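Dear colleague,

A summary of the findings follows it.

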Amino acid sequence: MPIALDPKALEAHLPHRGCNMLPDLVEVHDCGKIARSVATVPRHDPRGREIMGRLDGAGNACWYEPFVFEFLALTGIPLLTPRLAPAGHVAVFSSISRVVFNCQVPFAGKLIGHAEITRDRAPFTVFSTWAEVDGHKVLEAEVMSGVSTLVEVSSRPLKPLPLPPAEPITEFTWKKRAIRFVDGVVSWDPTAKKIVCSYTYPLDHPFVPGHFPGAPLMMGVTQLTSVADAAWVAAGKLGLKACTASGSVKRPDGSEVAEVRELVLVDDAGVPRIASLRRIAFREPVRPGDTLLIEATLG
């Protein structure tokens, strides 16, 4: 019989994920190797998940693509909890790769997530994941999870290093300020098609209470969003409605936080959408108050 976990059970099952529980239900099958999840986000969602969305070209609310990745991660991670929790360990993203995103996902639709463990060699576990709406596959990706402890997470120091001057960014009318992860343009080289943007992860960001409570971290999927945001600003400067970009998230001292390879953005009825991604690898955690430089080079 499958084990069914509702949002309250998930909070107990995954205490390091706090209140940002995206699924309505996660079912664990096949002796803990396969999981299935379901979510529908109504208007005025009492669980506040509307902050994870944006508008499509027709003005309808839909899932912002990076948070479908987070939804799939929360589908797979419960498979690891019975093994990790007794040792005081928690699962953390190591990478997301082989991503194909076929279309926008309306909040009103029934989003179903699937995760299956394909490789499990400590300390890393690889999941094959995919999501569907109304029987149509909308996303597939490979997710690799590593292992840490809350003590290790909370002991990593805050690094709010000074940022260089930047020109404020005013784009992104199609999504709320809270899910824009660039603040300004530090430099732009049209010949190299390279942009550098700055960002400070706010101490009071609405995601802080729900991602490693007591030792809050910036979500890995929002680091991906920051590179997508920077790439879209660069595409706009060149008059492009689609682009492929690679880039990185770094601290002002040059240390790398995340690396992104072959991120493809397309114009979907006037709104940018992530269509595919070769890989994002996560190097260092980011805490509220940390400052970042986001680089993106268009191919």
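Phe-69 is buried, with a relative accessible area of 3%, where buried means under 20%, exposed over 50% and partly exposed in between, for a 1.4 Å probe and protein chains only. The model is a predicted one: local features need pLDDT of at least 70 and side-chain atom pairs count only at pLDDT 80 or more, whereas totals for chains, interfaces and linings use all residues. Residues are numbered from 1 along each chain as its sequence is written, and side-chain values use heavy atoms, with hydrogens and water left out.

Aromatic contacts

Rings of Phe, Tyr and Trp (its six-membered ring) pair if their centres lie within 6.5 Å; planes under 30 degrees apart count as stacked, over 60 as edge-to-face and the rest as tilted. By this rule the count comes to 9 aromatic pairs. One of them joins Trp-63 and Phe-107 edge-to-face, at 5.4 Å centre to centre and 75° between the planes. This pair links distant parts of the chain, with Trp-63 in strand β5 and Phe-107 in the loop between β7 (105-106) and β8 (111-121), 44 residues apart. Helices (H or I, at least four residues) and strands (E, at least two) are DSSP runs, numbered from the N terminus. Trp-63 counts as buried at 0% relative accessibility, and Phe-107 is buried at 5%.

The rings of Phe-69 and Phe-101 have their centres 6.3 Å apart and their planes at 65°, so this pair is also edge-to-face. Phe-69 belongs to helix α2 (residues 65-76) and Phe-101 to strand β6 (residues 89-101), 32 residues apart. Phe-101 is buried, with a relative accessible area of 3%.

Tyr-64, Phe-67, Phe-172, Trp-174 and Phe-207 form one aromatic cluster.

Strand pairing

Two strands pair if DSSP finds at least two bridges between them. Strands β14 (residues 243-250) and β15 (residues 256-268) are antiparallel over 7 bridges, and Thr-244 has Val-264 of β15 as its bridge partner. These strands form a hairpin with 5 residues between them, and Gly-254 in the turn has a positive phi of about 95°. Strand β15 also runs antiparallel to β16 (residues 271-282), joined by 10 bridges; the bridge partner of Ala-258 in β16 is Phe-282. The hairpin of β15 and β16 has 2 residues between the strands, and Ala-269 in its turn has a positive phi of about 55°.

With kind regards
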